[in-house]
Amino acid sequence: MAATVGVFVYTGTNAGTESTVQTGISFLSIDSNATDATTRQNNPVVAGTTSFEKHLRLKATVAPSVSWGNIKFWTDGTGQANVGLRAKLAVGTGGATPGTGDSTPTASAMTGDADAYSYTSGSKGTWDATASIGGLNTVSKALLLQLVPTGAATPGAWAQETLNYSYDEV
Amino acid sequence: MSEYAYFANATLDDGTDIGAIDLEEQGWASKPMLARTRRWSLVPKGTHVMLDGRQYPMVTIDIPVGAKPVFRSRVFVGNITGRSSDQIERKVIPHLSVPAFRVYGIGWKKGSLTVWTWVAPNGAVETTSSDECWVGTALRTHLNTITWEEPEPEPEPAEEEEPTIDPRLNEG
């Protein structure tokens with residue numbers, strides 16, 4: 001049977017609390033995996049501040065025949081003016097859920113991160129280079145994302161962005 | 001449920017064909033079999049169709065003497081997208097209408113060299129000696145341009161009532 005791999009959000013101390021499989025994530029001013037509109041409206045990311053980091057890992061909820069891994073991440077290379085998106089790849093250690101070595105999500109600007117838009121189809125970022133992460137209920141290393149709207153961000157709808165990832169299965 | 005579109009077929013050094021190798025089954029990669037494989041094929045199961053409705057193509061490669069056949073599938077996902085209704089509300093939600101897709105790679109490995117032949121679900125085939133699968137990346141990019149996110153309903157703004165004027169004020 002082929003693996004089923006989904007996106008999970010990790011919150012709390014050392015990002016050790018695992019969400020259910022996510023069909024979306026919200027950038028908020030609190031550490032939460034909530035995706036509903038009410039939570040976003042009650043906890044907005046004010047222009048000129050940074051959102052709480054969003055800690056993501058991929059997790060195999062159905063085991064691969066052998067293993068899975070080699071995860072890449074990329075964007076289309078461009079975003080909206082004055083609305084930054086930062087990414088920090090390959091954080092912590094994968095393996096048995098919920099993984100280890102991650103930090104507690106904060107709303108402080110990340111260090112050791114990069115412009116998420118610098119990762120493109122021709123220059124993919126390595127989310128987790130591990131070729132063989134494991135079997136059932138194993139997780140990848142973490143991908144940290146943080147929204148950074150400057151004070152000059154234009155009010156109105158944020159241009160839609162598509163973030164891509166790929167993984168191998170053997 | 002079987003998800004892969006392909007079985008594998010191995011032709012051994014004595015001409016023996018080993019067909020219908022289920023690549024989703026644990027233990028399919030028998031080392032003795034792989035060591036003797038000289039021709040390595042992806043054979044469509046016939047249970048899956050490509051994105052345009054056509055059958056998957058059959059792909060066959062030769063395995064050089066001293067090399068071992070390899071297989072990998074790579075899943076391309078574009079399901080995290082960002083949108084927002086205003087400046088201070090930022091959300092990332094999935095592309096509900098963009099399917100993840102799987103590309104299939106067969107190849108051979110000898111020493112530090114690995115040569116892959118990838119087949120994408122639009123029928124594109126690519127042979128490369130790098131880890132990249134450009135047909136998959138290009139297809140991901142293409143799909144991202146022709147599909148869109150299901151819009152999330154936004155709350156209606158509160159309506160401001162028009163001030164009412166007592167018509168008697170306009171009289172006389």
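The following legends describe close-up views of a predicted model.

**Figure 1. Overall arrangement of secondary structure in chain B.** Chain B contains two helices and nine strands. Chain B has 172 residues, of which 31% count as buried. Where contacts in chain B link residues at least 6 apart in sequence, 55% of them join residues at least 24 apart.

**Figure 2. The open four-stranded sheet of chain B.** The strands of this open sheet follow the order S2-S1-S3-S4 (chain B), and their pairing is antiparallel. Strand S2 (17–21) and strand S4 (59–62) of chain B form the edges, each pairing on one side only. On average, and with direction ignored, neighbouring strands of this sheet are turned by 15 degrees against each other. Strands of a sheet pair through backbone hydrogen bonds, in either a parallel or an antiparallel manner. Between strand S1 (residues 6–12) of chain B and S2(B), which run antiparallel, there are three bridges. Within this pair, B:Ala8 faces B:Ile21 of S2(B) as its opposite residue.

**Figure 3. The largest nonpolar core and the surroundings of B:Tyr6.** The largest nonpolar core comprises 61 residues, and the members that touch the most others are A:Ala87, A:Leu143 and B:Tyr6. Strand S11 (residues 142–149) of chain A supplies the largest share of this core, namely six residues. When residues up to four places away in sequence are not counted, B:Tyr6 touches B:Leu23, B:Leu42, B:Val43, B:Pro44, B:Lys45, B:Tyr56 and B:Tyr104. B:Tyr6 also falls within strand S1 (residues 6–12) of chain B, which is joined to S2(B).

Figure 4. Seven bridges connect strand S7 (residues 101–110) of chain B with strand S8 (residues 113–119) of chain B in the antiparallel sense. In this pairing, B:Trp108 lies opposite B:Val115 of S8(B). Two residues separate the strands in the hairpin of S7(B) and S8(B), where B:Gly111 adopts a positive phi near 65 degrees. S8(B) also pairs with strand S9 (residues 125–128) of chain B, again in the antiparallel sense, over four bridges. B:Val119 has B:Val125 in S9(B) as its bridge partner. The hairpin of S8(B) and S9(B) has five residues between the strands, and B:Gly123 takes a positive phi near 90 degrees there.

Figure 5. B:Val70 belongs to strand S5 (residues 68–86) of chain B. Because 18 other C-beta atoms lie within 10 Å, B:Val70 is partly exposed; the buried class would require 20 or more. Apart from neighbours within four places in sequence, B:Val70 contacts B:Gly107, B:Trp108, B:Lys109 and B:Thr114. A separation of 9.2 Å is found between the C-alpha atoms of B:Val70 and B:Val115, which are 45 residues apart along the chain.

**Figure 6. A:Thr61 in strand S4 of chain A.** A:Thr61 is part of strand S4 (residues 54–62) of chain A. With 13 other C-beta atoms within 10 Å, A:Thr61 is partly exposed. The contacts of A:Thr61, leaving aside neighbours within four places in sequence, are with A:Thr4, A:Gly6 and A:Val21. Although 78 residues lie along the chain from A:Thr61 to A:Val139, the C-alpha atoms of these two residues are separated by 9.3 Å.

**Figure 7. Backbone features in the loops of chain A.** A:Ala15 has a positive phi of about 50 degrees, although A:Ala15 is not a glycine. This residue occupies the loop between strand S1 (4–11) and strand S2 (17–18) of chain A. A:Ala15 is classed as buried because 27 other C-beta atoms lie within 10 Å. A:Asn82, likewise not a glycine, has a positive phi of about 70 degrees. The loop that holds A:Asn82 runs between strand S5 (68–74) and strand S6 (83–91) of chain A. A:Asn82 counts as partly exposed, because it has 15 C-beta neighbours inside 10 Å. The peptide bond from A:Thr97 to A:Pro98 is cis, with omega near 5 degrees. A:Pro98 is placed in the loop between strand S7 (95–96) and strand S8 (114–115) of chain A.

Notes:
Residues numbered from 1 in each chain as written. Chains lettered and ligands numbered in written order. Predicted model: local features only at pLDDT ≥ 70, side-chain atom pairs only at ≥ 80, totals over all residues. Buried ≥ 20, exposed ≤ 12 C-beta atoms within 10 Å, placed from the backbone. Contact = placed C-beta atoms within 7 Å. Core = buried A, V, L, I, M, F, W, Y, C linked by C-beta atoms within 7 Å. Pairing = 2+ DSSP bridges. Axes fitted to C-alpha atoms, helices over the stretch in contact; angles between N-to-C directions.
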